[in-house]
Amino acid sequence: MTRKIGRRIMKSVGAVLLVPLLYLLAVAVGGVLSANADWEEAEEGVTIFIRTNGVHTWILVPTVNADADWRRLADASHIRDPRLAGDYLAIGFGNRDFYLNTPTWADLNLKTAFAAAVGGGPSLMHVDHEPLPVADEYHRPTVLGRDQYRRLVHFIADSFQLDGDGRSMPLSGRGYGGSDAFYESRRAYNFVRTCNEWTGEALRAAGVRMGVWTPAEQSIMWRMEPPPE
C-alpha cells in the first residue's frame, strides 16, 4: 500500500513538473518556426520600431501619416500633459491587473507575476507618446510597405474597445506618467495570448516574418536586426 501511494505521489509530481517543461518547449518551437517566411523588409514605406525592456515589447508607430491618424484612438488630450505628445506612439497590450498595479518592478508580487504569465483576465492597451525613436538595443526599426502598415494599423486599432459612439475608452488618470494612457481592450489575455504574443500576432498580421507563437520577449527580439555598431 505504501509503495502504491509513493508511486502515485511521484507520478503526480512528475505530471506537475512536466507541464511547465512542455510549455517552455512550445515557447522555443513557436519562436523558431516562421510565419511569413518569405518576407523581406521594404526599401521604402513606413518605419516602425519594436521596443523591449527585456520582458515586455511595444510597437512604435508614427502618430500621423498618410495611412493612419492615431489621434482618433489615442489623442493627446487623454494624457496628463498633452505637451508631451510626440511623433510616435508606443503601443502595447497586457494584463489589466499587472498594468495597473505594477507601475515599477518594485511593485511586482508573486501573485500578479503568476497571473500575468499563465493566467487570464481582463486586458488593457497601453499607449505612450514618444519623440522620434533612435535605433538602439531597446528600439529595433523595420520598414513596412504601405499595404503592410495598413494591415498592422487594422490589427492594432481592432484591439481597442470602443464605446457606443465609436470612440476609444481611456482610463482617466491611470497612466504611469505625463505622456501615457491606458485604454480598454477587446482582446482576451491568457497564457496563449500574452503581451508579447500580441506583438507577434500584430507583426504576423502585417506580413512580417515572425515566429508562429511568440509569448516571450526573446521570441520577438531575436528576429529583429540589431542596431549598427
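**Close-up views of a predicted model**

By the rule used here (a side-chain nitrogen of Lys or Arg within 4 Å of a carboxyl oxygen of Asp or Glu), the count comes to 13 salt bridges. This is a predicted model, in which local features need pLDDT of at least 70 and side-chain atom pairs count only at pLDDT 80 or more, while totals for chains, interfaces and linings use all residues. Residues are numbered from 1 along each chain as its sequence is written, and side-chain values use heavy atoms, with hydrogens and water left out.

**View A. R51 pairs with E130.** Here the closest N and O atoms are 2.9 Å apart. Strands are DSSP runs of E with at least two residues, and helices are runs of H or I with at least four, numbered from the N terminus. Both R51 and E130 are buried (under 20% relative accessible area; exposed is over 50%, partly exposed in between, with a 1.4 Å probe and protein chains only).

**View B. L60 in strand β3.** With a relative accessible area of 0%, L60 is buried. Among the residues it touches are I48, F49, Y88 and H139 (contact means heavy atoms within 4.5 Å).

**View C. D165 meets R167.** The closest N and O atoms of this salt bridge are 3.1 Å apart. D165 is exposed at 62%, whereas R167 is partly exposed at 49% relative accessibility.

**View D. D67, R146 and R150 together.** A network of salt bridges links these residues.

Terms used
Lists of a residue's contacts leave out its neighbours within four places in sequence.
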